[in-house]
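User: I am new to this structure and would like a guided look. Could you show it to me first?

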Amino acid sequence: MKNNFGLYLVITNPVAGYEDCTKAAVENRVLYIQLRMKNAMREEVVQVGKKLRAITDESETKLIINDDVIAARMIDADGVHLGQTDINIIEARKLWITNKPKIFGLSTHNETQAQAAQDLPLDYIGIGPVFTTPTKQIPDPVVGINRVAAIIKQSKLPCVAIGGIDAQRLPKILSADVNNFAVVRYVCASNEPSLRIKELMNIWQYSQHTKNAS
């Protein structure tokens, strides 16, 4: 997984629909999207996932499935993202042996979890929530920008900050030397996901240009 790629789009209950939201991500060259359908049956996740796989196929965009390694395998997705209470990464890799390289990510919510992840066969870790977010029924404690930045600085794995990030808050995140960020509601709650994605990507690209010029 690349170390510096900007937007990682988590698609959950998108107003514009899963397929249109995915098309917008592909058209705007988002490198990573995650299908997250909490509480949905595996059959439904697979059904939607295969439609998204057809859209991302032959594109730069990698499709990652949330929580369910079996569904990810059935979809032939590019990877799976696991939570702290999901199947452990060792067992997940045993369940998904393939000749194609697959991406395995893990959510972390504090320094201890992030440090423990460094010794696991992972491709990246998510860190958060940076800000308060209602996307989980039982939200994890807010980590905050400064702690997220410190965790990233100590990590040898690529990191993605997540939790309550939108266009207004994004510059604060990026100014703390956080390069990769996951967004959920800001894009999924919009009828025009492409415009929101472009807005976020433009902010990120400006930040990268400013850092490179300094």
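**A guided look at the chain**

Analyst: Helix 2 is followed by Glu58, whose phi is positive, near 70°. Helices (H or I, at least four residues) and strands (E, at least two) are DSSP runs, numbered from the N terminus. Residues are numbered from 1 along each chain as its sequence is written. The model is predicted, so local features need pLDDT of at least 70 and side-chain atom pairs count only at pLDDT 80 or more, while totals for chains, interfaces and linings use all residues; side-chain values use heavy atoms, with hydrogens and water left out.

User: What span does helix 2 reach from its first C-alpha to its last?

Analyst: Helix 2 covers residues 42–56, which is 15 residues, and reaches 20 Å. That is close to the 21 Å expected at 1.5 Å a residue, where the expected span is 1.5 Å times one less than the number of residues.

User: Which residues of helix 2 are buried?

Analyst: They are Val45, Val46, Val48, Gly49, Leu52, Arg53, Ile55 and Thr56. Buried means under 20% relative accessible area, exposed over 50%, and partly exposed in between (1.4 Å probe, protein chains only).

User: And what do the buried residues of helix 2 pack against?

Analyst: They pack against helix 1 (18–27), strand 2 (32–35), strand 3 (62–66) and helix 3 (69–75). Contact here means heavy atoms within 4.5 Å.

User: Stepping back, how many helices and strands does the chain have?

Analyst: The chain has nine helices and eight strands. Buried residues make up 51% of its 214 residues. Along its principal axes, the C-alpha trace spans about 45 × 40 × 35 Å.

User: Which residues have the most contacts inside the largest nonpolar core?

Analyst: That core has 62 residues, and those with the most contacts inside it are Leu9, Leu35, Ile165, Phe181, Ile197 and Leu200. A nonpolar core is a set of buried Ala, Val, Leu, Ile, Met, Phe, Trp, Tyr and Cys residues joined through side-chain atoms within 4.5 Å. A second, separate core of eleven residues includes Phe5, Ile103, Val160 and Ala182.

User: What does Phe181 touch?

Analyst: Not counting residues up to four places away in sequence, Phe181 touches Gly6, Leu7, Tyr8, Val160, Ala161, Ile165, Leu170, Leu174, Leu200 and Trp204.

User: New topic: how many disulfides does a search of the whole structure find?

Analyst: The search finds zero disulfides, a disulfide being a pair of cysteine sulfur atoms within 2.5 Å.

User: Where is Thr108, and is it buried or exposed?

Analyst: Thr108 is in strand 5 (residues 103–108). Thr108 counts as buried because its relative accessibility is 0%. Leaving aside neighbours within four places in sequence, its contacts include Gln84, Gln113 and Ile127.

User: And where does Gln118 lie?

Analyst: Gln118 lies in the loop between helix 5 (111–117) and strand 6 (124–127). At 8% relative accessibility, Gln118 counts as buried. Apart from neighbours within four places in sequence, Gln118 is in contact with Ile125, Ser155, Lys156 and Leu157.
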